[in-house]
Amino acid sequence: MNLPRGLDSARPGGTPTIQRAAALCALLLVALLVNATRVQIFEASRYDDNPANRRQMIARYGAPRGDILVDGRAVTGSRDAGGMFRYERTYTDGPLFAPVTGFASQVYGTTMLEDTQDATLAGTDPDLAPFPLWNDVTRTRSSGGNVVTTLNGAAQRAAYQALGGRSGAVAAIEPSTGRILALVSAPSYDPGELSGSRDSVARAWERLNADAGKPMLNRAIRQTYPPGSTFKVVTAAAALDAGVVRDLDESTNSPDPYLLPGTTTRLTNEARGCEDASLRYAFEWSCNTVFAKLGFEVGLRNMTQTAERFGFNDQKLRIPFSVAQSTFDRKLDGPQLALSSIGQFDTRATPLQMAMIAGAVAGDGSVSAPYLVDRTTTKSGDTVSATEPRTLRRAMSPATAAALREMMVNAVQEGTGQNAMIPGATVGGKTGTAQHGVGNSGTPYAWFISWAQADDAMEPGVAVAVVVEDAAGERGEISGGGDAAPIARSVMRAVLQSQRDTGG
Amino acid sequence: MIEPGTPGLPGTRTETDDAPAPALRLPRRRGVEFALIVLAVLISMYGYCAVGLATQGTVPPGAARYGAGLGVLALLAHCAVRLRAPYADPLLLPIAVLLNGVGLVLIYRLDLETPGDRAAPTQLYWSTVGVALFIAVVLLLRHHRVLQRYTYVCVVAALALLTLPIFFPAVNGARIWLRIAGFSIQPGEFAKVLLAVFFAGYLAANRHALAYTGRRVWRLQLPTGRVLGPVVAIWLLSVGVLVLERDLGTSLLFFGLFVVLLYVATGRTGWIAVGLLLAVAGALAVGRLEPHVHARVADWLHPFASIDAGIGPNQLAQSLFAFAAGGALGTGLGLGHSILIGFATKSDFILATAGEELGLAGLSALFLLYALLVERGYRAGLALRDPFGRLLAIGLASIVALQVFVIAGGVTGLIPLTGMAMPFLAQGGSSVVTNWIIVALLIRISDSARSQYDGTAVP
């Protein structure tokens, strides 16, 4: 008979039913432990990284953020605002440095250096810890480290003040190293308005985005403009390197007006004396006809190659944040090539790109990689990493660079760029006035690119590019020489002055 | 450790086998209990200090008072046991003290995040009430068999307690609260103990009928309606009340308790089959009909659905985030962010705080403490000779086991989440009081179990 083995089981060793019930409880315990292990160990990193999990944000804002330094002084700070996301970013001279610092917002994330150097500033960079894996073991975060920039505060301030509220941008670099000395965009905004999680932050964000002046657009690196006549530096370099022009003072045999190849479109000049002008004269007075013809004669291949050696069509430039691609079309017919060679048609460049061109001329023909971060340090100032200057490419032969320096100096001393002259220094420059808009109806952009070498210096100390979007005054009077050159002069003077002060 | 009275040795004692003298005296182990209680109080105080040091950098001002309070309560309980249950299992009381102490620490820690809503003082007050009732039960209940007389009183009282909240307004979607004079009482908690007494009493009396009569269908022995009727009726009624009150956790608990005790009492696997069948049918029906339950199941299957929908993480997702943040060793007391769970962080989701701040290590330790508590309950049951005591011990221990599983499994995403209190840890006066009564009854039963072998014990 199949006896039930319940409570009354007299079998020594106890009652199997109770033991089975106990086994069930043990099974439940095992299930709990296995599942807890799954959640806490195996799935942990997936849950930690879920964007809806606010813990990383809380940890991120739980300690003061590291600072961004200009000339050894912090231009950022942290304010304890209490609450869940405790520390808020503050900025001294926010609008001035916004194109460099970007913002660090609890709500809208980070941009510019705040973004690319976030690991250092937020203290998550493992190199900030005293020992490898130290933070993982102790479950702590290092104090936020500092980012030392290459900026020259005086130059930055000079550029911003010289722009004087007009829309435009300035980029200045040290030709021999690629250190970025100034990076200004106007109109600008105060990134401090976006710090924190108050209601005013959302309002500021909406207002800044709706603003027709686009204050959050970093014009120095994220906006491309038709470079206009400043591009003639590239065309001249190509003509010299390709052997199309062998003597700066020889006639270029160019007609005025110039008929664009295969068309009846007449290209004219604002300057006089461009017919059969020499390259030196044409550069000095910015003859469109001469450079359109030279570009066409150099040919698409050589023009494209030279432009790309200067940095056009490069999508990968980082300073360390990304720079918009400057473009020179690879497929052009004759008339398009002629127009592109004077910086019109589809040729577009960022102000930083144009500063790199001026820098290449000043730096014997090679383009230095521009960079903004000199080094990163721990909170106490010990260097964590440092940026080594490096050369991107050789854009032209040293002889061509020397010839261009000569012509650029002429342009400042005798030609269109006289507003850029600085006593006690050699300045070379090139003006540009770029047409744009449908049927060239928009207010032209005023350009100026230049470099300067103090008389007692071994090499040029600064190269700069300036663009002014809404240059004041009537159309036709606007010119790179009139509107942009004085701005470039202020920046260059500020750099040379501070280099003299520091004995550099 | 071989305990005298282990089922393998009924009526014998290994340590006296080679002892010629009839010295029939069992070790009472009250000293062990005392030492463990001191340890439990010290661990709790250490946790309390750790919270203050981590959050404010100083030992909290109330640390000494807190330690003294918990210590006095534990000591009083210990004295009562010494006095009236000298043979009781020495682990039961220390485990309860430690769990209650850790619970107070966790609630105090969460109070720091909600300055306007402090729950720890109330919890300490209810713990005092719980210990007072513990002492009362140990002192006044001379033998667990007394309870058998009140089998049917218990069921009537349980049903009354379960029905009462229907007449009170619902709180957070569940009609399980009584609000009297500013205090919220959850009668369902007390009903658990009463139902365990009833099930034990009824099944002890009717186990033969349940086991031997009835029809045989295939390999299952199905009981006759006459025997089964009352039990099923009571069960259906209590579950019905719970579905009406929308307290599914307790409903699940009653069902599990019922099936376990039925199986233990009769040894019929048929009951397990019938139970599972009923459970599946009930789950499907309730899942279909109740949108509340349906949503819980959907949350369990897709805990991050609300994030994908752009509404932000729900409580279960936040709970999983908290456990994940804890990792193996935890963030340390006071350094986690389980408060993000929001509503019910101190009650249903208290385990998430433990998981985040104490890590998998601390969580496992807590699970093992519960397991030990359950194991001691089962052991007391196994050692007893009378069927009622056996069933009562196993019923009470199973309540703890099932409750821990239902809520811990719920907040860690193992099973659909149902609102329930983690025994001793969670904020909730009724729950703490009930759990102290359960431990008191287990102490009483374990005392009977061990003293029955002791020649010197006074019956």
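Starting from a buried loop residue

Analyst: S286(A) is buried, because 28 other C-beta atoms lie within 10 Å (buried means 20 or more other C-beta atoms within 10 Å of a residue's own, exposed 12 or fewer, partly exposed in between, with C-beta atoms placed from the backbone). Before we go further, please note that this is a predicted model, in which local features need pLDDT of at least 70, side-chain atom pairs count only at pLDDT 80 or more, and totals for chains, interfaces and linings use all residues. Residues are numbered from 1 along each chain as its sequence is written, while chains are lettered from A and ligands numbered from 1 in the order in which they are written.

Where does S286(A) sit? You will find S286(A) in the loop between α12 (279-285) and α13 (288-298) of chain A (helices, H or I with at least four residues, and strands, E with at least two, are DSSP runs numbered from the N terminus). Although S286(A) is not a glycine, its phi is positive, at about 60 degrees. Most residues other than glycine have a negative phi, and most peptide bonds are trans.

D93(A) is not a glycine either, and its positive phi is about 55 degrees. It belongs to the loop between β4 (87-91) and α4 (94-101) of chain A. With 16 other C-beta atoms within 10 Å, D93(A) is partly exposed, whereas S286(A) is buried.

Two prolines in loops of chain A also deserve a look at the backbone. The peptide bond from D256(A) to P257(A) is cis, with omega near -5 degrees, and P257(A) lies in the loop between α11 and β10 (258-259) of chain A. The bond from I319(A) to P320(A) is cis as well, with omega near 10 degrees. That proline, P320(A), falls in the loop between α14 and α15 (334-340) of chain A.

The helices α11 and α14 of chain A pack on each other. Helix α11 (residues 232-242) of chain A meets helix α14 (residues 300-310) of chain A at an angle of about 120 degrees, and their axes are 9 Å apart (axes are lines fitted to C-alpha atoms, for helices over the stretch in contact, and angles run from 0 to 180 degrees between N-to-C directions). This makes α11(A) oblique to α14(A) (under 35 degrees counts as roughly parallel, over 145 as roughly antiparallel, 65 to 115 as roughly perpendicular and the rest as oblique). From α11(A), the contact uses V234(A), A237(A), A238(A), D241(A) and A242(A), and from α14(A) it uses N302(A), M303(A), T306(A), A307(A) and F310(A) (residues are in contact if their C-beta atoms, placed from the backbone, lie within 7 Å). By type, the residues of this contact are 7 nonpolar, 2 polar and 1 charged (nonpolar: Ala, Val, Leu, Ile, Met, Phe, Trp, Tyr, Cys and Pro; charged: Asp, Glu, Lys and Arg; polar: the others, Gly among them).

Next come the strands of chain A. An open sheet of 5 strands runs in the order β9-β8-β18-β17-β16 (chain A), with antiparallel pairing (strands pair if DSSP finds at least two bridges between them). Its edge strands, β9 (180-186) and β16 (425-434) of chain A, each pair on one side only. From one strand to the next, the twist averages 10 degrees. Over 10 bridges, β16(A) pairs in the antiparallel sense with strand β17 (residues 445-454) of chain A, and V427(A) stands opposite A452(A) in β17(A). Helix α16 (residues 351-362) of chain A packs on this sheet and touches β8 (168-173), β17 and β18 (462-468) of chain A; its direction makes about 145 degrees with that of β18(A).

Chain A also has a hairpin to look at. Strands β13 (residues 373-377) and β14 (residues 383-386) of chain A run antiparallel and are joined by 3 bridges, with T377(A) opposite T383(A) in β14(A). The hairpin leaves 5 residues between β13(A) and β14(A), and in its turn G381(A) has a positive phi of about 105 degrees.

Finally, chain A touches chain B. The contact takes 35 residues from chain A and 49 residues from chain B. On the side of chain B that touches chain A, two or more residues each come from α7 (187-212), α9 (248-266), α13 (315-326), α14 (350-383) and α15 (387-411) of chain B. The largest share of that side, 11 residues, is from α14(B). The residues of that side of chain B divide into 30 nonpolar, 16 polar and 3 charged.

Note on methods
Two residues are in contact if their C-beta atoms, placed from the backbone, lie within 7 Å.
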